[in-house]
Amino acid sequence: MFFTSTRKNCEITASAAIAKGISDDGGLFVPSAFPRLFPGELEALAKLSYKERAFRILQKFLTDYSADELKYCVEGAYEGRFDNNDPAPLQEIAPGMNILELWHGPTCAFKDMALQILPYLLTVATRKNCPGRTTVILVATSGDTGKAALEGFADVPGTRIVVFFPGDGVSDMQKLQMTTQKGANVAVCAIEGNFDDAQTGVKNIFADKKIAEYLEARNMEFSSANSINFGRLAPQIIYYISSYCDLLKNGKIAAGDAVNVAVPTGNFGNILAAYYAKQMGLPVKRFICASNRNNILSDFIATGIYDRNREFYTTDSPSMDILISSNLERLLYHLADGDCELVASLMQELKENGKYRIPDSIFGKLKQEFYGGFCDDEETRRTIKCCFDKYNYLCDTHTAVAVNVYQRYVKDNGDTTPVIIASTASPYKFAPAVLSAIGGNGMESDGFTVMEKLSEASGTPIPAPLAALRESTVLHKNSVSKEAMGEFIKSVLA
């Protein structure tokens with residue numbers, strides 16, 4: 001299995017792609033071809049544990065990792081790190097409506113599903129490709145990736161990690177999770193701007209030759225823990241295949257039956273992983289791409305025009321407050337049958353003009369696979385209350401966006417195919433909005449009191465990792481302009 005760039009043909013191994021994170025041409029690494037599930041494999045996987053499924057699926061992509069190396073990565077990531085040793089439980093809240101809970105890890109968000117294993121994949125990759133070097137993990141986060149990456153890489157030998165987040169663009173609980181992070185190798189910094197500013201700044205730093213020379217002189221090399229790194233994307237494929245296997249195991253579907261997948265979407269990595277699962281042979285009928293008020297993706301799916309020249313909104317679902325969805329580049333590459341010149345030109349248009357239009361041939365393929373919709377904060381809160389009152393199920397603000405758009409999809413299309421809805425965070429990470437939605441006062445006191453009130457009102461427990469934050473000390477108080485991100489990196493690596 002080899003990988004190439006979305007912008008220029010090349011051929012590198014899986015471990016080299018994970019070690020580098022992003023291609024030198026600015027493109028993202030993608031598989032040259034997709035491995036396939038063999039006939040009867042889903043039924044066989046249904047009999048296995050999540051860890052065993054993970055090993056089998058990763059083995060198809062990461063072919064230059066030995067079996068022992070992959071077992072080491074999988075054991076380290078999934079053993080004892082998730083509630084009840086069940087990383088991705090599936091909850092059927094209504095007939096055919098299945099919530100895939102991806103937030104039972106140490107940071108209570110779906111990013112744990114990949115970022116618990118990425119440090120293992122990356123350290124193995126570094127030993128293979130650049131032994132003796134220190135890997136500097138550079139992260140821009142809209143909230144959850146930052147803490148999950150910090151948790152995964154803290155004090156991992158041979159690594160440093162620098163996380164940038166928008167100072168006013170994450171929830172109070174997300175900010176506290178990041179700024180209280182311990183570890184001799186970690187640095188956390190707010191920026192004066194939004195997530196797109198942070199993400200653009202990180203991409204520019206990756207391409208900055210002077211900073212590259214600065215790292216080279218110190219025997220260091222950048223890599224990424226964002227979903228631009230294929231090592232983040234590959235573990236996300238696992239849980240879509242695993243959830244289908246759970247439906248098989250529980251007799252909810254028969255082998256070969258199609259399912260729909262609904263995902264609250266910002267940077268497009270989580271839903272792209274589901275698309276990759278389909279390319280492997282998972283029978284997915286439709287991908288339901290759910291956006292909040294920053295509805296650039298639903299507009300793109302409706303028109304074929306990607307236009308970030310619009311107002312940016314700060315919402316109750318901050319991890320989706322994004323106008324530059326990096327992983328969409330990978331989808332364009334695949335829909336264009338590997339036309340890297342076309343992808344490079346579209347990305348150049350985006351950089352220069354803030355928008356691009358895809359050819360009709362690609363637009364037709366997009367519409368066939370994807371349905372896009374969005375809802376605002378008011379609709380999100382109504383959906384939270386509806387789920388709680390009707391199904392006795394408490395969901396967070398991002399999951400509610402997916403539920404809302406899925407229900408609209410069913411109304412518009414009459415499609416009652418069983419659905420897997422990705423639930424991306426614990427409701428307690430966004431307790432003020434969730435408590436307000438179900439009838440409480442989410443703004444009356446500090447965040448920990450709000451969590452206690454939400455627990456009392458809903459009859460659900462506060463996740464232990466969030467409760468423990470009450471006793472934590474803020475360790476990172478840095479804040480810089482988006483133009484000063486490069487200098488901040490130099491200062492912490494000096």
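User: How many nonpolar, polar and charged residues are in the lining of the largest pocket?

Analyst: In this predicted model, the largest pocket has a lining of 35 residues. Among them, I22, G26, K203, F206 and A207 lie nearest the centre of the pocket. Divided by class, the lining holds 14 nonpolar, eight polar and 13 charged residues.

User: Which helix gives the most to the lining of the largest pocket?

Analyst: The space in the largest pocket amounts to about 1000 Å³. Two or more lining residues come from each of helix 9 (195–207), helix 10 (209–216), strand 9 (220–224), helix 14 (328–335) and helix 15 (340–353). With six residues, the element that gives the most is helix 9.

User: Which residues lie closest to the centre of the second largest pocket?

Analyst: The second largest pocket contains about 520 Å³ of space. Its lining is made up of 26 residues, and the closest to the centre are S171, D172, M173, P432 and A433.

User: Which helix supplies the largest share of the lining of the second largest pocket?

Analyst: By class, this lining comprises 13 nonpolar, seven polar and six charged residues. At least two lining residues are supplied by each of helix 8 (172–179), helix 19 (431–437) and helix 20 (447–458). The largest share, four residues, belongs to helix 20.

User: What is the volume of the largest cavity?

Analyst: Two cavities of 30 Å³ or more are present in the structure. The largest cavity is lined by 25 residues, with F110, K111, G266, N267 and S319 nearest its centre. The volume of the largest cavity is about 260 Å³.

User: Which helix gives the most residues to the lining of the largest cavity?

Analyst: The lining of the largest cavity divides into eight nonpolar, 14 polar and three charged residues. Helix 7 (144–153), helix 11 and helix 12 (269–280) each provide at least two of the lining residues. The most, three residues, come from helix 12.

User: Which helix provides the largest share of the lining of the second largest cavity?

Analyst: The second largest cavity, of about 40 Å³, is lined by A140, Q199, V202, K203, N226 and I228. By class, this lining has three nonpolar, two polar and one charged residues. Three residues, the largest share, come from helix 9.

User: Is N327 buried or exposed?

Analyst: N327 is located in the loop between strand 12 (305–307) and helix 14. Beyond its neighbours up to four places away in sequence, N327 touches L28, S227, I228, L233, N267, F268, G269 and L272. Because its relative accessibility is 0%, and buried means under 20%, N327 counts as buried.

User: Which side chains are joined to the side chain of N327 by polar contacts of 2.6 Å and 2.7 Å?

Analyst: The polar contact of 2.6 Å joins the side chain of N327 to that of S227. The polar contact of 2.7 Å joins the side chain of N327 to that of R330. The two partners are therefore, in that order, S227 and R330.

User: To which side chain is the side chain of N292 joined by a polar contact of 2.9 Å?

Analyst: N292 is found in the loop between strand 11 (284–291) and helix 13 (296–303), and it is buried, with a relative accessible area of 1%. A polar atom of the N292 side chain lies 2.9 Å from the backbone nitrogen of N294. The side-chain to side-chain polar contact of 2.9 Å, by contrast, is with D321.

User: How far does helix 4 reach from its first C-alpha to its last?

Analyst: Helix 4 covers residues 67–78, which makes twelve residues. At 1.5 Å a residue, the expected value is 16 Å. The computed reach is close to this expectation, at 16 Å.

User: Which residues of helix 4 are buried?

Analyst: What covers the buried residues of helix 4 includes helix 3 (50–61), helix 5 (112–115), helix 6 (118–129) and helix 11 (230–249). Following helix 4 is G80, with a positive phi near 75°. The buried residues of the helix are L70, C73, V74, G76, A77 and Y78.

User: How far apart in space are V474 and M178, C-alpha to C-alpha?

Analyst: V474 lies in the loop between helix 21 (464–467) and strand 16 (478–481). Leaving aside neighbours within four places in sequence, V474 is in contact with L176, T179 and T180. Although V474 and M178 are 296 residues apart in sequence, their C-alpha atoms are separated in space by 8.7 Å.

Methods:
Residues are numbered from 1 along each chain as its sequence is written. This is a predicted model: local features need pLDDT of at least 70, side-chain atom pairs count only at pLDDT 80 or more; totals for chains, interfaces and linings use all residues. Side-chain values use heavy atoms; hydrogens and water are left out. On a 1 Å grid over the protein atoms alone, a cavity is a set of points where a 1.4 Å probe fits but cannot get out, and a pocket is an open set with protein on both sides within 12 Å along at least five of seven lines; lining residues have an atom within 4 Å of a point. Grid points are joined across faces, edges and corners, and a volume is the space filled by probe spheres set on the points. Ala, Val, Leu, Ile, Met, Phe, Trp, Tyr, Cys and Pro count as nonpolar, Asp, Glu, Lys and Arg as charged, and the others, Gly among them, as polar. Buried means under 20% relative accessible area, exposed over 50%, partly exposed in between (1.4 Å probe, protein chains only). A polar contact is a pair of N or O atoms within 3.5 Å; within protein, one must be able to donate a hydrogen and the other to accept it, and residues adjacent in sequence count only if both atoms are side-chain atoms. Contact means heavy atoms within 4.5 Å. The expected span of a helix is 1.5 Å times one less than its number of residues.
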